[in-house]
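Here's a quick briefing to read alongside the model. Have a look at the structure first, then we'll go through it topic by topic.

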There are 2 protein chains.
Amino acid sequence: MKKSIGARTFLYPMPVFIVGTYDDNKKPNICAVAWGGICCSKPPSVTICLRQATYTYGNLKARQAFTISIPPESRVKEADYAGLASGRDVDKFAVAGLTPVASEVVDAPFVKEFPMVLECKVTHIVEIGLHTLFVGEIQDIKVEEDCLTDKGIPDITKIKPFSFAMDSMSYYSIGPFLAPAFAIGKDLMK
Amino acid sequence: MKKSIGARTFLYPMPVFIVGTYDDNKKPNICAVAWGGICCSKPPSVTICLRQATYTYGNLKARQAFTISIPPESRVKEADYAGLASGRDVDKFAVAGLTPVASEVVDAPFVKEFPMVLECKVTHIVEIGLHTLFVGEIQDIKVEEDCLTDKGIPDITKIKPFSFAMDSMSYYSIGPFLAPAFAIGKDLMK
């Protein structure tokens with residue numbers, strides 16, 4: 001029997017994106033974003049959603065560019081910190097011991113120590129309510145060579161991303177392989 | 001060393017949403033959506049992104065409502081099937097052996113056998129390119145009672161959602177607890 005829990009924001013799984021931007025003085029900043037994801041294949045695009053009160057919001061409006069660095073399990077502490085402190089008060093890259101790398105294709109920095117990065121230009125800004133949805137067109141993806149398969153695509157088992165569960169305010173590892181996609185369901189088509 | 005892999009749509013983790021809609025004849029339909037997520041807290045809102053060619057796209061435009069049912073691991077075959085067949089050709093609920101339940105708050109059906117459902121009214125439609133982004137305001141969330149904690153919130157370890165990895169076209173289980181959010185990063189604030 002299903003029970004109503006009201007209009008809230010629980011959903012599974014949620015990602016952990018470390019969004020990189022520059023401020024007015026070109027100080028690199030990072031913040032943690034759990035609300036976003038791919039939204040279009042042509043042009044390849046991604047969403048990130050933030051409150052107007054965040055430092056990153058102003059940076060995005062001014063620079064119209066951002067990166068998404070994917071933190072590996074081994075950097076969960078640094079990723080969590082990026083969601084706790086504000087770039088208004090501190091240099092989060094410095095405090096977290098992370099290295100900003102200037103993207104060559106967009107006006108934003110990414111995290112050197114994280115294995116995968118999406119470099120994006122803002123194409124749409126949609127005011128939803130307390131949060132604003134930014135759409136970024138992906139200009140390039142860069143992945144550490146040792147996290148690529150021999151076919152040159154990312155390997156989730158080497159990147160070791162993790163997810164955020166809002167229910168218990170916890171991070172969870174990616175678990176074991178469950179089933180092949182666009183394949184296991186074919187049994188039902190016979 | 002990071003290697004460029006071009007402008008593509010790889011990102012981790014991606015969800016597996018089973019989106020429920022009615023067609024013109026009120027036939028219930030489901031489709032699988034990996035591109036979407038929460039986008040606003042007030043009003044609580046969620047995105048789903050689809051190609052115009054899908055049957056669900058027309059249903060969404062006409063009905064302005066949808067549900068997101070979260071499939072559990074044990075139903076990965078049915079979830080995958082929802083992404084293979086088209087509601088134009090078949091009754092996917094019937095073929096998959098799933099039961100449509102009419103939402104009492106929005107004009108859309110959800111999947112009885114899945115443990116959690118979001119019931120949503122369309123508030124924004126944004127044409128990005130090949131895909132269209134729909135924003136839905138969450139009217140209610142319903143969860144199987146045995147998948148709630150004693151505090152009445154969803155329990156990811158009981159719901160057992162899974163994620164989609166586009167790299168290897170695979171579904172992955174949610175793995176073990178990694179760290180407490182908004183907590184482990186506090187070490188860096190001292």
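Let's start at the end of a helix: H1(B) is followed by Gln64(B), whose phi is positive, near 55°. This is a predicted model, where local features need pLDDT of at least 70, side-chain atom pairs count only at pLDDT 80 or more, and totals for chains, interfaces and linings use all residues. Residues are numbered from 1 along each chain as its sequence is written, while chains are lettered from A and ligands numbered from 1 in the order in which they are written.

**Helix H1 of chain B**
- Helices (H or I, at least four residues) and strands (E, at least two) are DSSP runs, numbered from the N terminus.
- H1 covers residues 55–63 of chain B, and Thr56(B), Asn59(B) and Leu60(B) are buried there (20 or more other C-beta atoms within 10 Å of a residue's own, with C-beta atoms placed from the backbone).
- Looking down the axis of H1(B), the buried residues fall within an arc of 100°, so they line one face of the helix (the arc is that of the directions from the helix axis to the C-beta atoms).
- Those buried residues of H1(B) pack against several strands of chain B, including E2 (17–22), E5 (45–51) and E10 (131–144).

**Chain A overall**
- Chain A has four helices and twelve strands.
- Its radius of gyration is 17 Å, close to the 16 Å that the globule rule gives for 190 residues, so chain A is as compact as a globular protein of that length (radius over C-alpha atoms; the rule is 2.2 Å times the number of residues to the power 0.38).
- Of the 190 residues of chain A, 52% count as buried.
- UniProt, in an unreviewed entry, places the feature "domain: Flavin reductase like" at residues 11–164 of chain A; such annotations may be inferred rather than shown by experiment.
- Residues 11–164 of chain A are 16% helix and 42% strand, with the end C-alpha atoms 10 Å apart.

**How the two copies meet**
- Chain B superposes on chain A by a rotation of 180° with 0.0 Å of shift along its axis (RMSD 0.0 Å), fitted by least squares on the C-alpha atoms of residues with pLDDT of at least 70 in both.
- The two copies are thus related as by a two-fold rotation axis.
- In chain B, the C-alpha nearest the axis belongs to Gly175(B), 1.7 Å from it.
- The copies meet through the same surface, because 100% of the interface residues of chain B are also interface residues in chain A.

**Gly185(B)**
- Gly185(B) sits in the segment after strand E12 (170–180) of chain B.
- Gly185(B) counts as buried because it has 23 C-beta neighbours inside 10 Å.
- Leaving aside residues up to four places away in sequence, Gly185(B) touches Lys77(A), Asp80(A), Tyr81(A), Gly83(A) and Leu84(A) (contact means C-beta atoms, placed from the backbone, within 7 Å).

Definitions and conventions
Buried ≥ 20, exposed ≤ 12 C-beta atoms within 10 Å, placed from the backbone. Contact = placed C-beta atoms within 7 Å.
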